[in-house]
Amino acid sequence: MKAIRIDKFVDKIEDIRISEIPVPEPKDGEVVVQIEAAGVNFVDLLYARGKHQNNRSLVTPPFTLGLEFAGTVLSSPISSPFKPGSRVFGGSLGSYASRISVNPTSLYLIPQNWTFAQAAGLAATAPVSYGALILRGRLQRNETILIHASAGGLGLSAIQIAKAAGARVIATSSSLSKLSIARQFGADECINYSSPDWIDTVLKLTQGRGVDVVFDPVGLVDGSLKCLRQRGRVLVVGFAGMPGGGERIAMNRVLLRQAQIIGYVRTFSIPNTFLQTIPIFWLVLAFDHVRYGETDRIDPAETAQIWRELKVLWEEGKFKPTVYDEEYRGLESVVRAMKDLESRKVWGKAVIVMDDGDRPKL
């Protein structure tokens, strides 16, 4: 079958190639899914180049790229709730391929009125945004939240979840066009954080008080502390804007603000026995390590709660897909999609829609 196989780390994204690899054989109760669409993530860029911390020893060539997918179940154990023909989505390394064999705990049924493309970008965004805002950030009605990179997949999910919770949303992004997208998804106020006075603008919008909560997927904690209210919360969910992987924070600012800085990440499963270690930095007082794919194993009840409550939101029309409006068809478009993501052209989720040429013949 066809797949984006990384046989050695690449220097340039253009060096990524489509390969022919064996069709996966299910092991240990796994479900085989024919992939119809795959989400594109910033982590894909790092993995392909060997620049992610997991590449030091755990995600090493050869491996198949891609972290999110949606598709049709081809085979499953008799006891599985996912029967052949079921429309499912999930998160697992190896999603840029015709088929994937995954643990059923990585799968969820696609909402009835959603397409494969709409569901393919859900696994890496919605649960992170929901878990960070609602479970860790304890966002309350009438609080004000500052959402950075608001037109990205995480940001647009966060806007919708925050509005459903009754919060006021101040959204930031790097262009007027992206801020327009953020407003379409429910942002109350929009600020271009390329402007040197964005912090002053946030303070003005909050009458000098500052925001209650900050949602940061890019690495803007330092500046955000300057417009955070006393005892406010900063939710760190990524460092997409920081090539070195993080910020240097003056901890006296954390002390004087009595700020809570909370790290939150959800991980994906690895087909078969591929295990990963992802460090999570809790900048308040804690430091922990979570094995790749172990989020669900450590606290399956939390995972179930997140998806149960997200389902309520989309059934009530309070959460909708965030698919970028550029078409990426077939595995040959993966490189173009990754380059568009890297150049910050993409809003929401770039999604690869498979074509007939990507599928193995039966």
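**Close-up views of a predicted chain**

**View 1. Glu316 and its partner Lys318.** Glu316 is partly exposed, with 49% relative accessible area. Partly exposed lies between two limits: buried is under 20% relative accessible area and exposed is over 50% (1.4 Å probe, protein chains only). Lys318 is also partly exposed, at 42% relative accessibility. The two residues form a salt bridge, and their closest N and O atoms are 3.4 Å apart. A salt bridge here is a side-chain nitrogen of Lys or Arg within 4 Å of a carboxyl oxygen of Asp or Glu. Side chains of opposite charge can pair when their charged atoms come close.

The model is predicted: local features need pLDDT of at least 70, side-chain atom pairs count only at pLDDT 80 or more, and totals for chains, interfaces and linings use all residues. Residues are numbered from 1 along each chain as its sequence is written, and side-chain values use heavy atoms, with hydrogens and water left out.

**View 2. The whole chain.** The chain has 362 residues, and 54% of them count as buried. Its secondary structure comes to 11 helices and 18 strands. Both are DSSP runs, numbered from the N terminus: helices are H or I with at least four residues, strands are E with at least two. Among contacts with a separation of 6 or more, 67% join residues 24 or more positions apart. Contact means heavy atoms within 4.5 Å.

**View 3. Arg336 and Glu326 in a salt bridge.** Their side chains meet at 3.0 Å, N to O. The pair links distant parts of the chain, 10 residues apart. Arg336 sits in helix H11 (residues 334-342). Glu326 sits in the loop between helix H10 (300-315) and strand S17 (328-329). Arg336 is partly exposed at 36% relative accessibility. Glu326 is partly exposed too, with a relative accessible area of 29%.

**View 4. Arg329 and Glu327 in a salt bridge.** Here the N to O distance is 3.7 Å. Arg329 is partly exposed, with a relative accessible area of 40%. Glu327 counts as exposed, at 54% relative accessibility. The whole structure holds 15 salt bridges. Elsewhere, Arg209, Asp212 and Arg229 are linked in a network of them.

**View 5. A six-stranded open sheet.** The strand order is S11-S10-S9-S12-S13-S14, and the pairing is parallel. Strands S11 (189-192) and S14 (260-263) are the edges, each pairing on one side only. Two strands pair if DSSP finds at least two bridges between them. On average, neighbouring strands are turned by 20° against each other, direction ignored. Axes are lines fitted to C-alpha atoms, for helices over the stretch in contact; angles run from 0 to 180 degrees between N-to-C directions.

**View 6. Strand S13 and its two neighbours.** Strand S12 (residues 211-216) pairs with S13 (residues 228-236) in the parallel sense over five bridges. Val211 has Leu228 of S13 as its bridge partner. Val213 stands opposite Arg233 in S13. S13 and S14 also run parallel, joined by four bridges. There, Val236 has Gly263 of S14 as its bridge partner. S13 is mostly covered, with seven of its nine residues buried.

**View 7. Helices H3 and H6 on the sheet.** Helix H3 (residues 126-136) lies across strand S9 (144-147), S12, S13 and S14. It runs at about 155° to S12. Helix H6 (residues 198-205) packs on the sheet and touches S9, strand S10 (168-173), S11 and S12. Its direction makes about 165° with that of S11.

**View 8. The nonpolar cores.** A nonpolar core is a set of buried Ala, Val, Leu, Ile, Met, Phe, Trp, Tyr and Cys residues joined through side-chain atoms within 4.5 Å. The largest core has 84 residues. Ile16, Leu65, Ile145 and Phe215 have the most contacts inside it. Helix H4 (residues 153-164) gives the largest share of this core, six residues. Leaving aside neighbours within four places in sequence, Ile145 is in contact with residues including Leu133, Ala162, Ile170, Val213 and Phe215. A second, separate core has 18 residues, among them Val214, Val221, Leu225 and Cys227. In soluble globular proteins, nonpolar side chains tend to be buried together.
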